[in-house]
2 protein chains.
Amino acid sequence: MIEYRTLKIALLGGGTVGSQVARLLLENGAELSSRSGARIELAGIAVRDLDKPRDAALPRELFTTDAEQLILGADIVVELMGGIEPARELIVKALNSGADVVTGNKQLLAVHGPELFDLAGQVGAQLYYEAAVGGAIPIIRPLRDSLAGDSVTRILGIVNGTTNFVLDRMDVDGDELGEALAVATELGYAEADPTADIGGYDAAAKAALLAGLAFHTNVPLESVYREGIEDITKEQVDLAREMGYVVKLLAICERIADPATGEAAVSARVHPALVPRRHPLAAVHGAHNAVFVQAEAAGDLMFYGAGAGGVQTASAVLGDVVSAARRHVAGGPGVAESTHADLPVLPVSAAVTRYHVTLHVADQPGVLAEIARLFAENGASIETVVQSVAGPAGAADGQSPTATLVIGTHAALEASLAATVEALRASAAVTSIAHVLRIEGA
Amino acid sequence: MIEYRTLKIALLGGGTVGSQVARLLLENGAELSSRSGARIELAGIAVRDLDKPRDAALPRELFTTDAEQLILGADIVVELMGGIEPARELIVKALNSGADVVTGNKQLLAVHGPELFDLAGQVGAQLYYEAAVGGAIPIIRPLRDSLAGDSVTRILGIVNGTTNFVLDRMDVDGDELGEALAVATELGYAEADPTADIGGYDAAAKAALLAGLAFHTNVPLESVYREGIEDITKEQVDLAREMGYVVKLLAICERIADPATGEAAVSARVHPALVPRRHPLAAVHGAHNAVFVQAEAAGDLMFYGAGAGGVQTASAVLGDVVSAARRHVAGGPGVAESTHADLPVLPVSAAVTRYHVTLHVADQPGVLAEIARLFAENGASIETVVQSVAGPAGAADGQSPTATLVIGTHAALEASLAATVEALRASAAVTSIAHVLRIEGA
């Protein structure tokens, strides 16, 4: 019989993920011990309210409201409370007490990550966060370790399950956004207040983490450009389908050349985008997540799986717990986060992308020439023009007849493309701009 | 200016992958050093023939024929020679000298892996092999670390790029197998002698490695059931398409219950299989690889990317070099391979699968009843029967008329399904069995 050293786990938070982590720690203790070389013991679960009903499989005596006391005796602290405070303060206490920390708190890391990683480095502890991006999908280790000898150039991520579920329903089942969101809420894929998901805030926090990791650079959350899917209509999704695209909410992290200096820099942005149907990301359905990574040597990689869910996310948390336990057994200092590259982080205007502009124009001679001139003047060039069959009626009620044009551009600076759209909006030749979407992955 | 310790890298092999690894080590030295915390120096490249033409970017003085001498001064030995000897012997020498070893040699690991991992454990060195399975795709670390707190139940892998390219051509372009293989050879996706790929030998070695890692069990190469794609016809691929499937060569690793004892056991097999069109693996085109992993908590995951290619595989090798360098800097013992579970490894007859049997039968009353009886007698049950429109003509030249049936079964033991096919073959009601394919991923 092997004598294992015992490692005490303090679990902060007894919600959806936390209760699954607790259950798996209790059920699979022997297996986890043999994999990590230490006896892993769940010391307790800190919660706010002891009277809330809990999973019957979890012994009542494990629950406590005294998180600070629980942390004191722990070797590994697992933070699954969410939110900024008191999560930040408790993680600082845990690291200072010498414990390793496992967290799934993307919001906290996107805002306070640098100071927490610095503290971990100073005290010789480790901060693990596989569960913070992509739920169960292993993405942190591949980026940090497997691709450590390569240079990531670009990440296109479907990192929010709620919005992917909604957009997939709109595409596959023909739902309007509101209908799809109602189904998502009913199935438990969307929260009562879906703003964080639908508005792209959740994806933006993940984009900041992914960009920081991929480019070894601190990427502050406020530097991530963000658009949600609130304004995506069934009409847009249908039009995209007709033209061979699918609309996805993407987190895009890129290593780009600073247009001002030509030097290497980083850009991170979240917005709905047109993805070609043959792209691997187009096949990501329902609430699934996927992270598509392009690296100089490795080429195209994709990591696919469940992006959320209590038990799925618990898998990532437990992987980190075993890693932390192995490190305790081995005694090594582990690998600290490194932001050695420290590239400039640029605003979205410096990103290079392609636009798909749907606009209504007066159906008169010279209009297309005028529109082409506006594109050229603003440094954008047109790749495709499609005149839509279903232009809005106008002639019947005495106005000039109008036509609907769908214009696809070549790749250009976001600043040029945005300026073109402003010029179109101001032009007398343009009746209205129906919608604008970026094309990614083409 | 940071003072880095210097780590010497000995590279064994100057072929497609080796020369890319050497080039990247030279070009990206500063970046690799800042990522690993050590100055990484390519000490030399051991090759068999100094006179062979080499990449002009690699200084001639780096090349040597004295691999043993090169190993002696090295901190990290990168073995990319392929084959069993002298690779095995040189890795043993490297480990005994205290060096960490990085290898992409799946054949060697599938045959001698256990003894090499044992030796590494004894001397306190590490043996890294991310490049041995799935080329550039990070799959070893996710299985070993990210899923360390979960239980993998099943792996379905497209792990051979040549066969996926050939099957994809047959499906998408309507090629015959020979035509598709000729294109693969022309494009450099297939070797002059494609037996290792087409016969499933390469995939079998990878299946042994994946199963060993996923189930913490030594899985000997000879225990992996293997069928190649030699006999796959355009007709089979077309029929599969009509029925909503695509034919893929899969490496299948499963945790199953031993039918004899009910105890947990492991099965690994490689064969062509029908994959439903909506399965993520069906969207893996060309020479790409993908590993689909099912785990108890994480659910379905997929890892996708380039399965071969010099520079792509070099990415995986360099990731391992950086991991080894970080370990040297940190001084920790790393994580040894663990085969603690040591489950029984069962033959293919114990696997549970589904068959798709296409057969020609006499077009007479009572034939279907007779066939159904043969299935039932052998413990297999029929899910679907489709009578093909294009049965071979027979009545015209005086023989009895025949019909073509495509029978899909429910899940059953491979032994039962194989016995059913034998019984069909012996039955007077059956003119001939056109082909048999297993269905996976449904």
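Start in chain B and select its open sheet: 6 strands in the order β3-β2-β1-β4-β5-β6, with parallel pairing. Two strands pair here if DSSP finds at least two bridges between them, and strands (E, at least two residues) and helices (H or I, at least four) are DSSP runs numbered from the N terminus. β3 (63-64) and β6 (127-128) of chain B sit at the edges with a single partner strand each, so one side of each has no neighbour in the sheet.

Before you go on, some housekeeping. This is a predicted model, in which local features need pLDDT of at least 70 and side-chain atom pairs count only at pLDDT 80 or more, while totals for chains, interfaces and linings use all residues. Residues are numbered from 1 along each chain as its sequence is written, chains are lettered from A and ligands numbered from 1 in the order in which they are written, and side-chain values use heavy atoms, leaving out hydrogens and water.

Next, pick β1 (residues 5-12) and β4 (residues 76-79) of chain B, which run parallel and are joined by 4 bridges. Zoom in on B:I9, and you'll find its bridge partner in β4(B) is B:I76.

Time to bring in chain A. Select β12 (residues 299-306) of chain A together with β12(B): they run antiparallel, joined by 5 bridges. Here A:G305 has B:L301 as its bridge partner.

Now colour the whole interface: 44 residues from chain B touch 45 from chain A. The area buried between the two chains (accessible area, 1.4 Å probe, lost on putting them together, summed over both) is about 3,800 Å², and carbon and sulfur atoms give 57% of it.

Last stop: the salt bridges (Lys or Arg side-chain nitrogen within 4 Å of an Asp or Glu carboxyl oxygen). The rule finds 2 across this interface. To see one, select A:R326 and B:D145, whose side chains meet at 3.0 Å, N to O.

Note on methods: Contact means heavy atoms within 4.5 Å.
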